[in-house]
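Here's a quick briefing to read alongside the model.

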Amino acid sequence: MATAFSATLPLHGSSQENRLLLPPTRLPPPSFLGSTRSLPIRRLNHAHAARRSPVVAVQEIVKEKKPTNPLLITKEEGLVLYEDMILGRSFEDMCAQMYYRGKMFGFVHLYNGQEAVSTGFIKLLTKSDSVVSTYRDHVHALSKGVSARAVMSELFGKVTGCCRGQGGSMHMFSKEHNMLGGFAFIGEGIPVATGAAFTSKYKREVLKQDCDDVTVAFFGDGTCNNGQFYECLNMAALYKLPIIFVVENNLWAIGMSHLRSTSDPEIWKKGPAFGMPGVHVDGMDVLKVREVAKEAVSRARRGEGPTLVECETYRFRGHSLADPDELRDAAEKAKYAARDPITALKKYLIENKLANEGELKTIEKKIDDLVEEAVEFADASPQPGRSQLLENVFADPKGFGIGPDGRYRCEDPKFTEGTAQV
Amino acid sequence: MAARIHGGAGAGAATALSTFNPKKLVAPSRTNLPAARSSKRCIVAGGGSDASKSLSVRHSQKLIASAAVATKAETSATTGTGHELLLFEALQEGLEEEMDRDPHVCVMGEDVGHYGGSYKVTKGLADKFGDLRVLDTPICENAFTGMGIGAAMTGLRPVIEGMNMGFLLLAFNQISNNCGMLHYTSGGQFTIPVVIRGPGGVGRQLGAEHSQRLESYFQSIPGIQMVACSTPYNAKGLMKAAIRSENPVILFEHVLLYNLKEKIPDEEYICNLEEAEMVRPGEHITILTYSRMRYHVMQAAKTLVNKGYDPEVIDIRSLKPFDLYTIGNSVKKTHRVLIVEECMRTGGIGASLTAAINENFHDYLDAPVMCLSSQDVPTPYAGTLEEWTVVQPAQIVTAVEQLCQ
């Protein structure tokens, strides 16, 4: 993918202080977009403090094809982004309804408010690129292309779910769309993502295949205090893996504020410590996220290695549907609600004459119907039968071993019925 | 301590293998039985001449129906030459052959590349295959095990080495949650054909943390298979089988067995992952063991034979799942069982095996199942203390005498 960005050209010339913190031996890549930060950051008493200034929004963008076009997206692109975010929002709202009606159980973590991050990144990926997520994975799966029907059925625990009902809310997998899950423990998916990126590099360098697939790993602010995160930052930078680490910093890990748990809350700074660019972006603005994502993805595709992107975002609902969400300040919630990414994109599209109200309403209606249909489909789908119990434990069911009668246990007819004792 | 292949193709082993008729293998539409992929499989571990008929060898390569169990005379007669090597060389040979055969097989671990492996199992491989195929990782077990799992999900076949099995405790999250469970939670979409291997067991005064037996901790994880090698022959065979398996397999090696010498066939062979190995057929008592304890048992067996006993010794090899057919046939013959293992007493492999035997073969037992395990003690450094935590041949002799009264 050819790019107009060269290693030394800054993205925009407004402030020299927007340069990234990188080890002195490397060429500084172009500056990235940022946001006005309102976090009360503890002032550090050393040289770095002087370089930190409020990062301002970008004014001009260097574009590949149309350098004179001031807009960030075309109409088609805008509508795709809008539809994807509406799908994420409607789907999650429907999940909440269905949960309270007793259609799904367990832990369900909703993504309301964070749609800009998922849409901003995943809509730039191809089908063979991989996405790894956490338990807050419904919208990542949808953005990657898993059908709403398959995700809803999975949530209802039906056979037609993307994981045959065996995974549930926190384990959305799709081999077809390269959605590598869905992990219940935080940080667990990051090494898996690193492995997927390793395969990409292996295919290129050992198997000599034409492979420039990238992997995007999504995780939260709480994960950034976990060892697996740092171990993988190290390996990804060391082996120059085609991976983008995306931190969805929504400031809260259940009831633990990011500021109460992290010695240095600026997560993007941890990238340069490992030798990769670290970027902070306004995660409530899909266009800003998209611009950062473009550069990070093309960096990875060119073989230049990983990027750490910190998206400042917010979840409008509690941590999960079981969370009463009493700890967060109402003023904070109101502030971020005013920055709703969907409202912002809608405003952008209309103000820049890329779409009119009618077209957007059509999309909203279309998505409403789609989500309703997904619920109907999931309702009508059958529950898994007993025979499914023992399938898929092993890829090769000989792994259940040889029974006392000399036959492999998987040959026992009771095995396929699901009633065998293994 | 040289390895010797003991026993003939005991009745137990041969019949175990000849009853596995692949034509009877029911392949329901939704299960992922290897029928379709059988062209790549060559599970052969027959006993004697029945083997070639019993297990269908569908691989295009000509494979000898090598005996999992063969008399010394048989080996030299049927295979002719063979070559002698040490157990770690056998592991390396198996690994190298599989890496030659399939370019997706790769190795990752600490010091596996330039250093050649801390026990020399990967010696020379980095020179031959390059730094990416034999990857020297930083010291981050959890992350590089997870990386191996992610690579396996996306098409590679990594062999992940724990420099010492004990270090894999740091990777427990990845081994339990991702390695074991991911095939299931993804509804069968992703396979994890990894091999996790490394040396464990009590060595020579290595101290408590380097002397751990992790098989007891991992055995409950659903979705993984565990095998333990004990001779150069089965080390190479199990290594190859584990790499070819679509399931995640944990291969337990033992620090003190790496220098065992044995003559193994020149021709290609693999060992069956789910089967036990008949080491010495007998009539009086069944002794079940694995890994290093096999040699303590065989040493005790010499004493026992002199005293007039006829023990049947089986190396269970497959720690999860247990080969209940070979074991069951033996119990039905001798009616007495002694389990000798290096695992801890509490919750070890022996404990599970005792439960399985009692559940399945209770009617055939003339005496309670006896299990000799290591003491529930962190392995001490002092040589004398260390010796007393592990089962010694004298204890085995005493136990057999007690059971056979």
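A cavity here is a set of grid points where a 1.4 Å probe fits but cannot get out. This is a predicted model, and it holds 11 cavities of 30 Å³ or more. Chains A and B also share an interface that buries about 5,300 Å² between them.

**Cavities**

- Rolling a probe the size of a water molecule over the atoms shows where empty space is left.
- The second largest cavity comes in at about 80 Å³.
- Chain B residues line this second largest cavity, among them Gly200(B), Gly201(B), Gln212(B), Arg213(B), Glu215(B) and Ala228(B).
- Also in the lining of that cavity are Phe252(B), Glu253(B), His254(B), Tyr290(B), Ser291(B) and Glu342(B).
- Strand β7 of chain B (residues 249-254) gives the largest share of this lining, with three residues.
- Sorted by class, the lining of the second largest cavity has three nonpolar, five polar and four charged residues.

- The size of an interface is often given as the accessible area lost when the parts come together.
- For chain B and chain A, 63% of the roughly stated total, about 5,300 Å², is on carbon and sulfur atoms.
- On the chain B side, 66 residues are in contact with 59 residues of chain A.
- You'll find zero salt bridges between chain B and chain A, but there are 24 residue pairs in polar contact across the interface, both partners at pLDDT 80 or more.
- Several elements of chain B supply at least two residues each to the side that touches chain A, including β2 (105-109), β3 (134-136), α7 (172-180), α8 (182-185), α12 (324-334) and α13 (349-361).
- Helix α6(B) gives the most to that side, with eight residues.

**Salt bridges**

- Over all chains, the count comes to 51 salt bridges.
- One of them pairs Lys366(A) with Glu83(A), whose closest N and O atoms are 2.9 Å apart.
- Lys366(A) sits in helix α13 (residues 357-380) of chain A and Glu83(A) in helix α2 (residues 75-100) of chain A, so this pair ties together parts 283 residues apart in sequence.

- Most residues other than glycine have a negative phi, and most peptide bonds are trans.
- Going from Gly181(A) to Gly182(A), the peptide bond is cis, with omega near 25 degrees.
- Gly182(A) belongs to the loop between β3 (179-180) and α6 (189-205) of chain A.
- Lys320(B) and Pro321(B) are likewise joined by a cis peptide bond, with omega about 5 degrees.
- Look for Pro321(B) in the loop between β12 (318-320) and α12 of chain B.
- Asn392(A), a residue other than glycine, has a positive phi, near 65 degrees.
- The loop between α13 and α14 (413-417) of chain A is where Asn392(A) lies.

Terms used. Residues numbered from 1 in each chain as written. Chains lettered and ligands numbered in written order. Predicted model: local features only at pLDDT ≥ 70, side-chain atom pairs only at ≥ 80, totals over all residues. Heavy atoms only, no water. Contact = heavy atoms within 4.5 Å. Buried area = accessible area lost by both parts, 1.4 Å probe. Salt bridge = Lys/Arg side-chain N within 4 Å of Asp/Glu carboxyl O. Polar contact = N/O pair within 3.5 Å; in protein donor to acceptor, adjacent residues only side chain to side chain. Helix = DSSP H or I, 4+ residues; strand = E, 2+ residues; numbered from the N terminus. 1 Å grid on protein atoms, 1.4 Å probe; cavity = no way out; pocket = protein on both sides within 12 Å on 5 of 7 lines; lining within 4 Å. Points joined across faces, edges and corners; volume = space filled by probe spheres on them. Nonpolar A, V, L, I, M, F, W, Y, C, P; charged D, E, K, R; others polar.
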